[in-house]
Amino acid sequence: MTTNETTSPEGTSESPATGTAPLPKAVHTVTLGARTVHLVGTAHVSAESVEDVRQTLEATLPDTVCVELCEARFANIRDRDNWRKLDIFKILKEGKAALLLSSLVMTSFQKRIADELGVAPGAEMTEAIRISDERDLRLVLADRDIQTTLRRTWARLGFFARLKMVGQLVASLFAGGEIDKESIEQLKEEDQLSDMLEGLAKAFPSVKSTLIDERDTYLAQKVRDAGGETIVAVVGAGHVPGILAQIDEVQSLAPLDEVPPPSIWGKVIAWGIPALILGLFAYGFVRGGAEQSLASLNIWFLVNGAFSALGTACALGHPLAIVSAFVAAPLTSLNPFVAAGWVAGLVQAWVKRPKVADLEALPEDITSVRGFFRNPVSRILLVVVLANLGSTLGTVVAGSWIAASTL
């Protein structure tokens, strides 16, 4: 691999294809044999990035355009009404509520920045797609499926790291303050990105691995495999260094598309806690008779149910959803196959079934805390997550209380 980039005093680089056509400063050009690849490093909420993409495509006249999108995100750009097709009941039954909520929170943060700057999120990707359509260019979706990325990220986090990440995601909903245009453009500078990624690596090493490093490899290989003599790849600026370091290597993507199975410790905890609680019930009966067992059962049902109901109430769940969480939590906590949040979420969805208008309003509603709680779809997801969190805390508190009074 060779890198051909000459920076001019005006902050542009000359195109290796013509030697005269100016390319934006954000473009990194490499040659792979007889092929030329132009990497356009962008910020996803930057007006300048949109112009960078336009200038690069006009100057290089590529055969192929690669974009940092997967099929799901591409479908959302192609069909702005794609939210109408969201099946909330299917999501709840498949246990994907937490993943969808995480995705919505991240989308919310990005959209709020974009609204302040007057730029649609992913506008540079939209521009690349538009020009590709107009000129009938080959379009390659170069990113890994977002669900695979989120699942791999979640699977590698430990229990406390998951709590920390959920806390930071929730905190981002309440983050205030204005974000100016200059701050966004600074994010495209490599020194700024290095500092950000270094901080991310320290806080969540496995998150950086799945969100950044693995996708660097994925994007590099997809761009490398793209056909055509001239290729323009539109990617986030944070991925450019990793892509440049790996684009001349042939790598298999199959391992990166796999979702790691749950760890053995997860299964041990899932089955061990119910076994421990039942063991405490049995020991209490042997030691203190029916009176001790009844006291333990009261603690278990009241504490576990109360915490889950409180979580549902914090999500502004319907009274029936709150009651269902209270009733379900003590039972589902002893059954690894069912979660209290699923029950409460299904009840919430049943009594407050989302309408088409709610699905259409979701992209806008998630830009504010009030909107998150107001929209029936996001409220259902909050009910699921907070009811499960309450049930987990209730299990710890109730189990500890029972153990202290029994042993």
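What follows is a chat about a predicted model of one protein.

Colleague: Before we start, what should I know about the numbering and about which residues count?

Modeller: Residues are numbered from 1 along each chain as its sequence is written, and side-chain values use heavy atoms, with hydrogens and water left out. Since this is a predicted model, local features need pLDDT of at least 70 and side-chain atom pairs count only at pLDDT 80 or more, while totals for chains, interfaces and linings use all residues.

Colleague: Okay, how many helices and strands are there?

Modeller: The protein has 17 helices and 8 strands, where helices (H or I, at least four residues) and strands (E, at least two) are DSSP runs numbered from the N terminus.

Colleague: And what share of the residues is buried?

Modeller: Of the 407 residues, 44% count as buried; buried means under 20% relative accessible area, exposed means over 50%, and partly exposed lies in between, with a 1.4 Å probe and protein chains only.

Colleague: Which residues have the most contacts inside the largest nonpolar core?

Modeller: Those are I88, L92, L104, F372 and L381, in a core of 21 residues; a nonpolar core is a set of buried Ala, Val, Leu, Ile, Met, Phe, Trp, Tyr and Cys residues joined through side-chain atoms within 4.5 Å. Two or more residues of this core come from each of α3 (88-93), α4 (97-117), α14 (340-351) and α17 (376-406), and the largest share, 7 residues, comes from α17. Another core lies apart from it and has 19 residues, including V53, F74, A128 and I131.

Colleague: Which strand does β4 pair with, and which way do the two run, parallel or antiparallel?

Modeller: β4 is joined by 6 bridges to β5 (residues 35-42), and the two run antiparallel; strands pair if DSSP finds at least two bridges between them. Within this pair, L32 stands opposite R35, and the two strands form a hairpin with 2 residues between them, where G33 in the turn has a positive phi of about 65°.

Colleague: Which residues other than glycine have a positive phi?

Modeller: Two examples are D136, with a phi of about 55°, and L316, with a phi near 60°. D136 is in the loop between α5 (123-135) and β7 (138-141), and it counts as exposed because its relative accessibility is 70%. L316 is in the loop between α12 and α13 (319-332), and it counts as partly exposed because its relative accessibility is 45%.

Colleague: You mentioned α12, so what about S296, is that residue buried or exposed?

Modeller: S296, which has its place in helix α12 (residues 264-314), counts as buried because its relative accessibility is 1%. Leaving aside neighbours within four places in sequence, S296 is in contact (heavy atoms within 4.5 Å) with F281, I402 and T406.

Colleague: Last one, where is the kink in α10 centred?

Modeller: The kink in α10, of about 30°, is centred on R215; the bend at a residue is the angle between axes fitted to the seven residues ending there and the seven starting there. This helix (residues 205-225) has 21 residues and reaches 29 Å from its first C-alpha to its last, close to the 30 Å expected, the expected span being 1.5 Å times one less than the number of residues.
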